[in-house]
Amino acid sequence: MKKMLLLLLTIGLLQGCTSGTDSPSTPTEQQKPPVATKPETPASEPPATTKPTTPEKPPTEQTGQQETVYANDIFRNVTVKKTAQDTFEIKGQASVFEAVLNYVVEDGHNELTKGSVQASTAAPDWGDFTHTLKVKKAEPNSTLTLILFETSMKDGSRRMELIIPLPE
């Protein structure tokens with residue numbers, strides 16, 4: 001299709017360059033199809049508005065400290081604060097099936113802990129959740145990562161993961 005359009009445009013340009021001054025100023029039938037068949041975005045392609053799977057991280061100011069807020073399609077306003085050695089407080093909102101959100105903490109090699117949290121309201125509404133998480137590093141130089149997700153009722157897989165690096 002593109003080759004045909006390019007060929008027709010080239011023929012039209014060459015014909016316009018070689019025509020004399022006595023030719024009519026209106027385009028001929030041979031020149032009209034390229035203009036009329038100019039391709040636009042095909043209707044069969046989905047719009048390019050899909051969200052990336054990486055978390056959004058707009059910073060917010062709270063009491064002089066900069067706190068990172070995470071979100072995706074089913075989680076929003078999620079913050080993680082280190083409250084003590086090996087203890088973290090997770091807060092946010094979720095729109096999940098039966099108000100149950102799941103989490104796992106990994107160090108890049110192993111799952112160190114996992115569980116579930118109950119939000120105040122189930123989907124399609126947004127329910128608040130707060131959870132205190134205690135997890136100790138298996139290796140001192142590792143980085144802990146919290147993954148929030150919803151479990152698929154269809155096949156049990158993780159759905160809509162939100163990946164959050166835990167603060168040091």
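Predicted model: local features only at pLDDT ≥ 70, side-chain atom pairs only at ≥ 80, totals over all residues.

Two strands are said to pair if DSSP finds at least two bridges between them. Helices (H or I, at least four residues) and strands (E, at least two) are themselves DSSP runs, numbered from the N terminus.

Residues are numbered from 1 along each chain as its sequence is written, and side-chain values use heavy atoms, with hydrogens and water left out.

Now for the overall plan. The chain has two helices and nine strands, and from the N terminus on they run α-α-β-β-β-β-β-β-β-β-β. Of its 168 residues, 28% count as buried; here buried means under 20% relative accessible area, exposed over 50%, and partly exposed in between (1.4 Å probe, protein chains only). The chain exposes about 11,800 Å², of which carbon and sulfur atoms supply 54%; such areas come from the Shrake-Rupley method with a 1.4 Å probe, and for residues only the protein chains shown count as cover. If contact means heavy atoms within 4.5 Å, then residues 24 or more positions apart account for 49% of the contacts in the chain with a separation of 6 or more.

Strands of a sheet pair through backbone hydrogen bonds, either parallel or antiparallel. In this model, three strands form an open sheet in the order 3-4-7, and the pairing is antiparallel. Strand 3 (75–84) and strand 7 (127–134) are the edge strands, each pairing on one side only. Strand 3 and strand 4 (residues 87–94) pair over seven bridges, and the bridge partner of Phe75 in strand 4 is Ala94. Strand 3 also holds Asn77, which has a positive phi of about 55° although it is not a glycine. Asn77 counts as partly exposed, because its relative accessibility is 45%.

Lys136 lies in the loop between strand 7 and strand 8 (145–151) and Asp86 in the loop between strand 3 and strand 4, so the pair ties together parts that are 50 residues apart in sequence. A salt bridge is a side-chain nitrogen of Lys or Arg within 4 Å of a carboxyl oxygen of Asp or Glu, and by this rule the count comes to eight. Lys136 counts as exposed, since its relative accessibility is 62%.

Another of these pairs involves Lys137, whose salt bridge with Glu168 has its closest N and O atoms 2.9 Å apart. This pair links the loop between strand 7 and strand 8, where Lys137 lies, with the segment after strand 9, where Glu168 lies, 31 residues apart. Lys137 is partly exposed at 25%, whereas Glu168 is exposed at 61%.

The side chains of Arg158 and Glu111 also meet in a salt bridge (3.1 Å, N to O). Arg158 is in strand 9 (residues 158–165) and Glu111 in strand 6 (residues 111–118), 47 residues apart. Both belong to a network of salt bridges that links Glu106, Glu111, Lys114, Arg158 and Glu161. Strand 9 holds Met160 too, a residue other than glycine with a positive phi near 55°.

Our last stop is Ser95, in the loop between strand 4 and strand 5 (100–106). Is Ser95 buried or exposed? Its relative accessible area is 13%, so Ser95 is buried. Leaving aside neighbours within four places in sequence, Ser95 is in contact with Ile74, Ala123, Pro124, Asp125 and Trp126. Ser95 and Asp125 are 30 residues apart in sequence, yet 5.8 Å apart in space, C-alpha to C-alpha. Pro124 is in the loop between strand 6 and strand 7, and the peptide bond from Ala123 to Pro124 is cis, with omega near 10°.
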